[in-house]
Amino acid sequence: MDRAPIEEEGVVRITPELTLVGKSAPMQQVFATLTRLIGNDLTVLITGESGTGKEQVARALHALSLRRAKPFVALNMAAIPQNLIESALFGHEKGAFTGAHTKQIGAFEQAQGGTLFLDEIGDMPLAAQTRLLRVLQEQQITPLGATKSMATDVRIIAATHRDLPALIASGAFREDLYFRLHVVPLALPPLRTRPQDIDLLVRHFMHRAVQRGLSPKQLDAGALAQLQQQPWPGNTRELEHLIYRLCALHDAPIITAQDIVALCGEESAVP
């Protein structure tokens, strides 16, 4: 796979289930970086606000890599209790700690030969950061309670919405781990900086809404202009959910600016 197919300007289909959308200059830069990463195993650190599509880009990196036939395993550091993160990463033997009634295979072993996506890496506690750094250096994992290590062969992609240099300055994130992960930085732009992508994104999400059984709708020019003026604190995820709500709740086939304001609330609309 030399490059992802481009269906139209700003629409890149990575797989039948995964499409990246954006004709703006910031998104074109993202696509250019993805193209340069095809066929290599470099570690990537994806940064961006919540809802900008960090996991989508991580999945695209995996799908465009030589590891695409092997597993893609995603682990969200913010969603796992701190005392269970090392078990989730490296696995554990039965009886390794209170409550470990069965053996568990960790994410590194699950992703063997493939890609391990460490989402919200900035929320990882320091103790787990130390062990992760050692695993990345030695390429060996030892499940909790085990006496033998095993070799690990995974590509690491990490992501965060947090300011890692600021966390390093406050002592909450290891600088050596940061440099280990920060081989290729990839910053995703917030939606408010790419209003020219709204039209493409709306059509993309409308198509997905219809695939999910919702009624097809169209936006008039005023509705599109209203969307282009929204601040979008939730970024593309917020836009996607808005389109689904419009398709599900709006009776008329044409959506107007007044419909957008009514659904979003006048206080959130930009005059």
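Ile121 touches Leu45, Met77, Leu132, Ala158, Ala159, Thr160, Leu164, Phe173 and Leu181, leaving aside residues up to four places away in sequence, where contact means heavy atoms within 4.5 Å. The model is predicted, and local features need pLDDT of at least 70 and side-chain atom pairs count only at pLDDT 80 or more, while totals for chains, interfaces and linings use all residues. Residues are numbered from 1 along each chain as its sequence is written, and side-chain values use heavy atoms, with hydrogens and water left out.

**Nonpolar cores**

- Ile121 also belongs to the largest nonpolar core, which has 32 residues and in which Leu89, Phe108, Leu116, Leu118, Ile121 and Phe173 have the most contacts; such a core is a set of buried Ala, Val, Leu, Ile, Met, Phe, Trp, Tyr and Cys residues joined through side-chain atoms within 4.5 Å.
- Buried here means under 20% relative accessible area, exposed means over 50%, and partly exposed lies in between, with a 1.4 Å probe and protein chains only.
- At least two residues of this core come from each of β5, α3 (85-90), α4 (107-110), β6, α5, β9, α6 (164-169) and α7 (175-181), and the largest share, 5 residues, is supplied by α5.
- Apart from this core lies another one of 25 residues, including Leu34, Leu37, Ile46 and Ile157.

**The sheet**

- An open sheet is formed by 5 strands in the order β5-β6-β9-β4-β10, with parallel pairing; helices (H or I, at least four residues) and strands (E, at least two) are DSSP runs numbered from the N terminus, and two strands pair if DSSP finds at least two bridges between them.
- Because β5 (72-76) and β10 (184-187) stand at the edges with a single partner strand each, one side of each is left without a neighbour in the sheet.
- From one strand to the next the twist averages 20°.
- Helix α2 (residues 54-63) packs on the sheet, where it touches β4 (44-47), β5, β6, β9 (155-160) and β10, and its direction makes about 155° with that of β4; such angles run from 0 to 180 degrees between N-to-C directions, and axes are lines fitted to C-alpha atoms, for helices over the stretch in contact.

**Strand β6 and its partners**

- Strand β6 (residues 115-119) pairs with β5 in the parallel sense over 5 bridges, with Thr115 as the bridge partner of Phe72 and Asp119 as that of Asn76.
- With β9, strand β6 pairs in the parallel sense over 4 bridges, and Thr115 stands opposite Arg155 in β9.
- In a regular strand the side chains alternate between the two faces of the sheet.
- In β6, Thr115, Phe117 and Asp119 point one way while Leu116 and Leu118 point the other way, and all are buried.

**Helices α9 and α11**

- Helix α9 (residues 221-229) and helix α11 (residues 257-264) pack at an angle of about 40° with their axes 7 Å apart, and they are therefore oblique to each other; angles under 35 degrees count as roughly parallel, over 145 as roughly antiparallel, 65 to 115 as roughly perpendicular and the rest as oblique.
- Gly222, Ala223, Gln226 and Leu227 in α9 meet Ala257, Ile260 and Val261 in α11.
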